[in-house]
2 protein chains.
Amino acid sequence: MASLEEYRRKASFDVRRMLTEIEPQENREIKKKVWHFLASNPLFHEDYTMNGDSKKAKDRTAQQLKVFLSSSGLFANIDDLTYATRTKYLLLVNEGLEIYNANLSIKLALGVMMFSNALNCLGTERHQQFYKDIWAGKILSCFAITELEHGSDTKELKTSAEYDHSTREFVINTPGIGAAKCWVGNLGQQCTHALLMAQLVVNGTCHGLHGFVVPIRDPETLRPYLGITVGDIGEKSGLHGIDNGFIMFKNYRIPRENILNRLADVNENGEYQTFTDPLRMLGASLEILSAGRVGIVNESSNCLLRSIVIAVRYAAQRRQFRDSNGIEKPIIEYQTHQYRLMPYLAATYAIRNFAMEFSKQYVHCVGLSRDDSADMTGVYQSVGGIHAVLCCSKSLITWTTQRAIQEAREACGGHGYHKSAGLGDLRNNHDPRVTFEGDNTVLLQQTSNWLLKLFNETSDRDFSEYPLCLVKFLTNVESILPKKFVGRRKEDVCNVTFVTECFEWLLCWLLKSTNEKMTALLVKHNDRFVARNQCQVFKAKELSLVFAEYIIISHFKAKIDACQDPSISSVLRKLCSLYGLWCLHSHLPLLYQGGYCNTPALADCLSDGVLLLCEAIKPDAVALVDAIAPPDFILNSAIGCYNGKVYENLMNAFRKIENGHFPLEYPDFWKSKL
Amino acid sequence: MASLEEYRRKASFDVRRMLTEIEPQENREIKKKVWHFLASNPLFHEDYTMNGDSKKAKDRTAQQLKVFLSSSGLFANIDDLTYATRTKYLLLVNEGLEIYNANLSIKLALGVMMFSNALNCLGTERHQQFYKDIWAGKILSCFAITELEHGSDTKELKTSAEYDHSTREFVINTPGIGAAKCWVGNLGQQCTHALLMAQLVVNGTCHGLHGFVVPIRDPETLRPYLGITVGDIGEKSGLHGIDNGFIMFKNYRIPRENILNRLADVNENGEYQTFTDPLRMLGASLEILSAGRVGIVNESSNCLLRSIVIAVRYAAQRRQFRDSNGIEKPIIEYQTHQYRLMPYLAATYAIRNFAMEFSKQYVHCVGLSRDDSADMTGVYQSVGGIHAVLCCSKSLITWTTQRAIQEAREACGGHGYHKSAGLGDLRNNHDPRVTFEGDNTVLLQQTSNWLLKLFNETSDRDFSEYPLCLVKFLTNVESILPKKFVGRRKEDVCNVTFVTECFEWLLCWLLKSTNEKMTALLVKHNDRFVARNQCQVFKAKELSLVFAEYIIISHFKAKIDACQDPSISSVLRKLCSLYGLWCLHSHLPLLYQGGYCNTPALADCLSDGVLLLCEAIKPDAVALVDAIAPPDFILNSAIGCYNGKVYENLMNAFRKIENGHFPLEYPDFWKSKL
Ligand SMILES: Cc1cc2nc3c(=O)[nH]c(=O)nc-3n(C[C@H](O)[C@H](O)[C@H](O)COP(=O)(O)OP(=O)(O)OC[C@H]3O[C@@H](n4cnc5c(N)ncnc54)[C@H](O)[C@@H]3O)c2cc1C
Ligand SMILES: Cc1cc2nc3c(=O)[nH]c(=O)nc-3n(C[C@H](O)[C@H](O)[C@H](O)COP(=O)(O)OP(=O)(O)OC[C@H]3O[C@@H](n4cnc5c(N)ncnc54)[C@H](O)[C@@H]3O)c2cc1C
């Protein structure tokens, strides 16, 4: 505590002001409600002395879900909210929950939120009863898409739903074990209904994937119905509280009404019909595909936050080795340690700001697509752009977080490996986010394809709308590309203007050179598949990742430019510069390859700049994590508490004292503002 | 299987010949004995359907240890072997065990092997009984060094052992909870004796850390003795089978004879005595400090091997997305996927070769230090060098492996997250290796200090002895530094000669520029502590890591140069080049900073070279992993089997069929050679 307080006193800004600047009061209010409920009921107290028995964990999560839905009071007025307000609200509840209990938040998201969202955008009035039952906790759902042999390539899914007009039913079949649905969360033991994606066959013709609501278990007894083989897939590398399951169908029949028929249907006469309003379809697909990814961006940025709060607080207290004056140094004073943590602290601020801002824009855009009076061409452009931005940012953010958690674990030394530190579970539970809701490597290709298309479009484009405004630099490619690095000292690069310019140059160069390589490969092979594949590494893949960094930085820059308080904006500016330079440093090979510089100056300046900013942020680091940290109960880390009692907490954890959790206490600066 | 067999047919070399080339027959024989024993007794069958209940895991590991010691027959003649032969033999047994069961191997290493090694090098005849009892399984030990407040900085350990001449005993005390020993493996529930490091106090004078054998529990009942507070530290992020414990002493008395007195003692008159033969002391400290690290280098390279075998086999079978001809491609055909896996495959060959070669040299050097007739100055130089090489290679290898496991997990998509894939446990169990036996970041400083010292030594040095022969390039600094990159096409860099030259230039430049920075900082601050700290990032830290890569490559090059079979050496050469270029590509910022090139050519060539080699190795990848993979039972991964039944295995794992393990079968090419 002593040394935490010392660092707090050194801060160059007021934590309260930072808090209000970076997160709207109403967001905090919602999360605070979630946290109070979790702290008030022992059923929700996560106990770090518990071992990893997954049977118990699944039971517990199931029980928690029931109580959370029925007793938290958080969903009482959910039906009165407009679509946009509801979506925003649910994202925040999810965020507040996820930071404390990833299992429960995923169970709730899959079982309730995403299902109701899917009914909303793919279903019709017909499915209202499901909607009501799900929020009433009477039924629980899952999303059954992935099969044993196919994940990313959903087109190849083999589960079929063939329409039988004689009984007005769909007959569902699994042709071979390769087509068994698997990995489906909630399916293993508990869900009553599946939202199933299957190939719709009508009169012998396959019409591609469609969504069906498929009853799985009797809601009273939870016994599976006849005609299906369903079970839990067993032990995983994390998320032990989720019952991921597999299922195989054999002539399993469901009523005609169970197809989600907002976009296509089988009518009374047994004929296949589509409702061809492409823009609406696009809107619907945005909601259905993107909602989960927007959730992940938020969740992942919270995991990043947790890891960095823990590591920075620990680093400010842990002392190891004496200096020449015999003073034992807090490890945060070591250059290597600053370099390991400060860039991730900067990334946390940048990414969190992006997640909040982007969620807002996403909700806005979805709202527009549901508004009949809105201008649909604008929405059309936005939808494509939002999808592209989401694909690359989901990838970049989940990868950054996964690395940050590992770095935090290592930075906390041996104690970071104790369960009570919270970092092991965080890593294991976060890990699948790089894979599900779209494998990162596969998603990145969608962004680069979109960027290359924009780059090659000669027609006039309107860059005033979000998210297209982010690619405005495309209008200046010709003037940007000839630029060269002219700086000479680290001070020349330690600012947001340089960072932005350098990123824009890099993006233009990557677009140009990826495009050239692609064109040459097309000429050579006359095969788009081959050409795309062979221009990924060091080209299209980097393009997408650099673009994601650029948009995160652009959002952060906008935030800083709008900030009125100079003591706050000056710190934020340092964070933005550090995040930018740290990214650019990792792209030095590309910057030299593109000829942005042909002397050692750029590498010198970026290296020195990164170190300078790490050192400059260090005195503010503790206050910076204070401003984003949840209360100790929620952070739930023996070595990361606000109160700083690292060794007492660890000893309690070793001796299994105090039931393995911390009191829900808000620091003073929180209390006064909440 | 189909596609595994196809790739096997495409291989450019004979797997049998590769096998004999890269690992001596007798090594395989020893590991095969271990594996046969493990497979023959159900107690040792690791079941991937088991959940992570750590209580059960600890019990099970304890039981396994008992049976392994008493019934495997592997230790029957252990006392008849010479020190060198025994050490080598035990390293191999450990390796064979570790690849299948990390918990058991660690428990055995801490509880028996390292203890007996410590008795050997720090103890005297007096301690023979302990030595006999430990191998007879009558007692079990632990290594108690780390305290709650101090890990890396062992000088600051506070536990004290004060000599009481009236009773001829040491009185052990823990002054405050910060001095509680913790994290000590085997201490939590099971060990009977601790090898304790404590500050020796005689007549009020502290003589620094010394080793003591301290009885902890009654060997019959396992009940702890009075005067100590000992317990299990509880849940960790992995290694659930190890009972890590904490302990606090209050006036706890042990006999005078329990001090390990080969180097220092308290004599009959109650006086402190040292036996000042500095060279012998050095040898002893090499054995005691380094044995564990040599073990880690071997274990970690096996973990790397496991992850890459699994990921490559899976990539050759998993098909996702159809090409323009409608053929579904194995994911190993994707450029991104090759770039994710082939460098780690190359790293596996390079690192494994280093681990084997270095172990041999280490054992040889320790043997010399025990041989009274040997020339001690040579040994002296070797000991320092071996320590320096081990510090940086332990760090590099454990980090490389930790990243490789994560990459493999992600490369196997969702299925990679299933427990039966084996990657989650591998990651969680490997993780602490970056921290224990010396935290990587701290160890790297020891290597850079040694290198800088060599660099600044003006006296004549003898570079003929191992490991000094590895730094022979230091005699040519003047002629190396002015060199520039002159290549123009990727073919110019895809060879071991370029790789070696480029590394030597980089090392010289890093030495020079780190040294300059250090000197400038010393002038400025007149404080070695400050100066050292501030020249770590992008300088001393990189110097050590690059040096580790260089020595790994040098050993690999020597291996290749000695290889007689052109079909084998040609593949090995590609692997060596790829590993080298991949490392160098990550150092491009330094290469440009140092002015090794001032055009885009170097970045171009290295990028293209890496991709070229990834593609060139791909057709051999399956055969390359076959040549290093253990049998399916030992590999123990549903998605990495030699027989290639990925989907059947997964389905069995989902349905918990087959008791969660695979038969011990050797592929044909193994059988014929074993
Ligand atoms: C914890 C967890 C929960 C899940 N929950 C659900 C759920 O509730 N419902 C559900 O339906 N599914 C669920 N899934 C499955 C998840 O959606 C899939 O894992 C994901 O879509 C990726 O597909 P895949 O695993 O088949 O990987 P694959 O598509 O087989 O990819 C494997 C590897 O190949 C690479 N690759 C593939 N194609 C290409 C290409 N064209 N170019 C380059 N590289 C390529 C990928 O990068 C990846 O590394 C879950 C998975 C996990 C791990
Ligand atoms: C699974 C496991 C098993 C273990 N088993 C045993 C055992 O059997 N017996 C035993 O005695 N101990 C054991 N340990 C403890 C282990 O030896 C220590 O964790 C290790 O020595 C590192 O010390 P520390 O944890 O105190 O880290 P610290 O020394 O506190 O380091 C914390 C962080 O600070 C950084 N740091 C520290 N000093 C510097 C510096 N000068 N410059 C830059 N950075 C610095 C480090 O890089 C690290 O990231 C075990 C630990 C684990 C996790």
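**Entry: a proline in chain B.** I began with Pro467(B), which turns up in the loop between helix 12 and helix 13 (477-480) of chain B. For the naming, helices (H or I, at least four residues) and strands (E, at least two) are DSSP runs, numbered from the N terminus. The peptide bond running from Tyr466(B) into Pro467(B) is cis, with omega near 0°.

**Entry: ground rules.** This is a predicted model, where local features need pLDDT of at least 70 and side-chain atom pairs count only at pLDDT 80 or more, while totals for chains, interfaces and linings use all residues. Residues count from 1 along each chain as its sequence is written, chains get letters from A and ligands numbers from 1 in the order in which they are written, and side-chain values use heavy atoms, with hydrogens and water left out.

**Entry: chain A backbone.** I looked up the proline here too: Tyr466(A) and Pro467(A) are joined by a cis peptide bond, omega about 0°. Pro467(A) sits in the loop between helix 12 and helix 13 (477-480) of chain A. I also noted Arg168(A), which is not a glycine but has a positive phi of about 55°. Its place is the loop between strand 2 (160-164) and strand 3 (169-173) of chain A. A reminder to myself: most residues other than glycine have a negative phi, and most peptide bonds are trans.

**Entry: how the copies relate.** What rotation puts chain B on chain A? It takes 180°, with 0.0 Å of shift along the axis, and the RMSD is 0.0 Å. The two copies are therefore related as by a two-fold rotation axis. Both copies use the same surface, since 100% of the contact residues of chain B recur in chain A. The superposition is least squares on the C-alpha atoms of residues with pLDDT of at least 70 in both, and contact means heavy atoms within 4.5 Å.

**Entry: ligand 1.** I count a residue as near a molecule or strand if one of its heavy atoms lies within 4 Å of it. On that basis 31 residues surround ligand 1, and the closest are Phe143(A), Thr146(A), Ser152(A), Asp439(A) and Arg318(B). The site is shared between chains, because residues from chains A and B surround ligand 1.

Next I checked polar contacts (a pair of N or O atoms within 3.5 Å; within protein, one must be able to donate a hydrogen and the other to accept it, and residues adjacent in sequence count only if both atoms are side-chain atoms). Asp439(A) has a polar side-chain atom 2.6 Å from an oxygen atom of ligand 1. Gly414(B) brings a polar backbone atom to 2.7 Å from an oxygen atom of ligand 1. For Gly151(A), the distance from a polar backbone atom to an oxygen atom of ligand 1 is 3.2 Å. On its own ligand 1 has 970 Å² of accessible area, and the protein covers 93% of it. Areas are Shrake-Rupley with a 1.4 Å probe; for residues, only the protein chains shown count as cover.

**Entry: ligand 2.** Where does ligand 2 lie? I found ligand 2 between chains A and B. Its shell has 31 residues, the closest being Arg318(A), Phe143(B), Thr146(B), Ser152(B) and Asp439(B). A polar side-chain atom of Arg318(A) is 2.6 Å from an oxygen atom of ligand 2. Asp439(B) also places a polar side-chain atom 2.6 Å from an oxygen atom of ligand 2. A polar backbone atom of Gly151(B) is 3.2 Å from an oxygen atom of ligand 2. The protein buries 94% of the 970 Å² that ligand 2 exposes when taken alone.

Elements that each supply at least two residues of the ligand 2 shell include helix 9 (335-369) of chain A and strand 1 (141-144) of chain B.
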